Amino acid sequence: MRYSIFGESHGPAVGVVLEGVPPGLVLDLEAVRFDLSRRAPGKSPLSTARKEADEPQILSGVFEGRTTGAPLCAVIENTDTRSGDYARTKDLARPGHADYPAHVRYQGFNDYRGGGHFSGRLTAPLVFAGGVAKQILAQRGVCVGAHISTVYGVNDEPLEDWESLRACAAKDFPVLDDEKGAEMRDAILEAKNDQDSVGGAIECGVFGLPAGLGEPDFGRNAEGIFAQHLFAVPAVKGVSFGAGAAFALMRGSEANDPLYVDGDGSVKAEQNCAGGINGGITNGMPLVFEVTLRPTPSIARRQFTVDLAKGENAVLELTGRHDPCVVHRAVPAIEAAAALAACELLKI
């Protein structure tokens, strides 16, 4: 199953085309809308004030409630744009954004408004595609869930099981420990009051994948497949599996996952430092990873940059509506990317 995302932040709409969708799937649009609402902006002081209905309109690939097997195309209208916010600074490359490399790559013809095709707005159609993928995976007993693991140094409890993550999805601020969540909210609001932003991390688990998926080599390596999908999400700057960077602080006796035969005859691990993957191949344990997301680049503070039209140094002072932190809204986007990666790993 392949997907292609199209549109720009301030264009008429954003959308996605999914090819290779299995025919006959009863598409639960309410479940997709729920995930879109989790990502939607404008619901609290922690997010941008931009308000979008994010109602998907399916143009093809679904007939009488079931997928047809033809390319599934869905669009989501952009209804609350303020393109004038970007006119004054259109030639000023925003530090931390893709403005400069996009200007070079597309010879200055890229849509600069709101980041154009590089905007976090493009995660809306990604979440739609992931919602379809989740329903396909559910038919095979595979579930995907995530939570905020860190915001600006405040850490949530580590992931334990699927049930705790499923409960997380219903929360406005998806953490396992609500007290830690309150501390994270305070950190975000403090940065906002300082005309600044903060970053964080999201931990995600894919449950129910069988052992033996993937290959050790380039192209079919399980970690590589997931990383490719995850790094396509705006703001993601790091991906680690299992214990991740903590492996550097361990001895082998701590990092190894002792194996045992379960009561049903299946092989299990006593712990899951490997994150469900050894040698590029799934081992039957939950596939667990963490992504690191950078602080939102658009901040109201005075910054130094360059004027791309004049080819000279410049000063940038941004106005407009921006997220002081994208981590909480990115949780369903990371789940979506993981679900699409799992479909690829399963050769769906």
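In this predicted model, residue A211 touches T282, N283 and G284, leaving aside residues up to four places away in sequence. A211 is found in the loop that connects β9 (200–207) with α7 (222–230). Its relative accessibility is 52%, and because exposed means over 50%, A211 counts as exposed. A211 and T319 are separated by 108 residues in sequence, and their C-alpha atoms lie 50 Å apart in space.

**The sheet and its covering helix**

T150 has A201, a residue of β9, as its bridge partner.

**Helix α4**

Helix α4 comprises 16 residues (residues 123–138). At 1.5 Å a residue, α4 should span 22 Å, and its end C-alpha atoms are 22 Å apart, which agrees with that expectation. Helix α4 is also mostly covered, since 15 of its 16 residues are buried. In general, an α-helix has 3.6 residues a turn, so residues three or four places apart point the same way.

**Cysteines**

The structure holds 0 disulfides. A disulfide requires a pair of cysteine sulfur atoms within 2.5 Å. For C73, which is in no disulfide, the nearest cysteine sulfur is that of C343, 19 Å away. C204 is likewise in no disulfide, and the nearest cysteine sulfur to it, that of C168, is 11 Å away.

| Residue | Relative accessibility | Class |
|---|---|---|
| C73 | 12% | buried |
| C204 | 0% | buried |
| A211 | 52% | exposed |

Because buried means under 20% relative accessible area, C73 falls into that class at 12%. C204, at 0%, is buried as well.

Terms used:
Residues numbered from 1 in each chain as written. Predicted model: local features only at pLDDT ≥ 70, side-chain atom pairs only at ≥ 80, totals over all residues. Heavy atoms only, no water. Helix = DSSP H or I, 4+ residues; strand = E, 2+ residues; numbered from the N terminus. Expected span 1.5 Å × (residues − 1). Buried < 20%, exposed > 50% of the residue type's maximum accessible area, 1.4 Å probe, protein only. Contact = heavy atoms within 4.5 Å. Pairing = 2+ DSSP bridges.
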